[in-house]
Amino acid sequence: MSTEDKIWEDFIALNSRDEPTFELLPRVGELEDRRNWTVDTSFATADAIAAMEAADADPLPATEDREGYNGDRHYEYWISGAQLASKIQQTAAEHKVEPGIYAELGAASGRVVRHLARRRAFGEIWAFDINWRHIVWMERHLPTNIIPVQTSSIPTLPLEDASVDVFSAWSVFSHIETFELQWLAEIRRVLKPGGIALLSVVTENQIGRMDKTWPMYEPLTTHPRWSPTFADELKEQGKIVLRWRNDRSYASNVVYTKEYIFRMWSRMFEIADYQEQYPDYQDMIVLKKR
Ligand SMILES: C[S@@+](CC[C@H](N)C(=O)[O-])C[C@H]1O[C@@H](n2cnc3c(N)ncnc32)[C@H](O)[C@@H]1O
């Protein structure tokens, strides 16, 4: 898209003037290949997973409509969302948080919320994304107890103060190039006291472990900001943004140190839990509003 073709929304959101049409994949129970290569299925029994498959009547998004997740391994995409939904429910129960209002930033086409919605896991399920196509996908193809709303790169959420019980953002802070602290303050504003936010980030744990098979390996190591001393520079900076373009939202990879997260994010929240290497290629942080 040339600069002349741009509309103002393109600077703070994506695809806002699209009139989308989608190629759909079958519902999970109709997938011919139901192999799962990478996802740990210990979150539920085989019978419980079979029941979840039977209950999910909605089509699956094509790979291009789900941020490329899991390539052509469509079942793996579905079950990775089921795993995260269970993790969210389990973490909420551990922290004695009511299953009232759930909100997710960067929900894409609903990898996680489709499961929470089917399970009626929360009274309200809000799904935000800057990409209008994802919002339309969820609105057309997922249960009506999801409230999909397009947001922008400016940290504002259309939610009341102290209203949300559980918030999450999966692989989103690993792409928020700027206003990270303002986003955290916004999440803090909407959470109830005692409410929790589950956020995933890329840290030195992944930089030290990743190999060529990891999706982030290529984008990180081919970026001009990458260097053989990247890990040392990261340790010194606490956070490094690898920007691909400067003229639109969502065009960067962001890497943090665990030390930075504890030093900065703990000023706004209690860090209730920190799990390295969960899910898959990130670390998961559970923040609690004091
Ligand atoms: C790597 S994808 C992860 C998608 C989804 N969370 C999942 O795990 O399947 C990042 C998503 O966040 C969205 N996104 C990026 N920056 C955002 C922002 N500032 N506000 C809301 N959504 C954002 C993108 O459009 C994309 O759908």
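Strands here are DSSP runs of E with at least two residues, and helices are runs of H or I with at least four, both numbered from the N terminus. With that settled, here are the close-ups, all from a predicted model.

**View 1. The cis bond at Pro279.** Look in the loop that links strand S10 (270–275) to strand S11 (283–288), and you'll find Pro279. The peptide bond between Tyr278 and Pro279 is cis, with omega at about -10 degrees.

**View 2. Asn70, a positive phi under cover.** Asn70 isn't a glycine, yet its phi is positive, at about 65 degrees. You'll spot Asn70 in the loop between strand S2 (59–61) and H2. Asn70 counts as buried because it has 22 C-beta neighbours inside 10 Å, and the cut-off for buried is 20 or more.

**View 3. Tyr250, another positive phi.** Tyr250 is also a residue other than glycine with a positive phi, here near 55 degrees. Its place is the loop between strand S8 (239–243) and strand S9 (252–256). Tyr250 has 18 C-beta neighbours inside 10 Å, so it counts as partly exposed.

**View 4. Strands S6 and S7 side by side.** S6 (residues 164–169) and S7 run parallel, joined by five bridges. Zoom in on Ala169 and you'll see Leu199 of S7 standing opposite. S7 itself (residues 191–203) is mostly covered, with ten of its 13 residues buried.

**View 5. Around the ligand.** There are 22 residues around the ligand, and the ones that come nearest are Gly106, Ala108, Arg111, Trp170 and Ser171. Sort that shell by class and you get eleven nonpolar, eight polar and three charged residues.

**View 6. Inside the largest nonpolar core.** This core has 62 residues, and Ala103, Val113, Leu116 and Ile125 have the most contacts inside it. Helix H2 (residues 74–94) supplies the largest share of the core, eight residues. Take Val113 as an example: once you set aside neighbours within four places in sequence, Val113 is in contact with Glu104, Ala107, Ile125, Ala127, Leu142 and Ile146.

**View 7. Zooming back out to the chain.** Count up the pieces and the chain has nine helices and eleven strands. Its C-alpha trace spans about 50 × 45 × 40 Å along the principal axes. A compact globule of 290 residues would have a radius of gyration near 19 Å, and the chain agrees, with 19 Å. Of its 290 residues, 35% count as buried. Among contacts with a separation of 6 or more, 67% are between residues 24 or more positions apart.

Technical notes
Residues are numbered from 1 along each chain as its sequence is written. This is a predicted model: local features need pLDDT of at least 70, side-chain atom pairs count only at pLDDT 80 or more; totals for chains, interfaces and linings use all residues. A residue is near a molecule or strand if its C-beta atom, placed from the backbone, lies within 6 Å of it. Ala, Val, Leu, Ile, Met, Phe, Trp, Tyr, Cys and Pro count as nonpolar, Asp, Glu, Lys and Arg as charged, and the others, Gly among them, as polar. A nonpolar core is a set of buried Ala, Val, Leu, Ile, Met, Phe, Trp, Tyr and Cys residues joined through C-beta atoms within 7 Å. A residue is buried if 20 or more other C-beta atoms lie within 10 Å of its own, exposed if 12 or fewer, and partly exposed in between; C-beta atoms are placed from the backbone. Two residues are in contact if their C-beta atoms, placed from the backbone, lie within 7 Å. The radius of gyration is taken over C-alpha atoms; the globule rule is 2.2 Å times the number of residues to the power 0.38. Two strands pair if DSSP finds at least two bridges between them.
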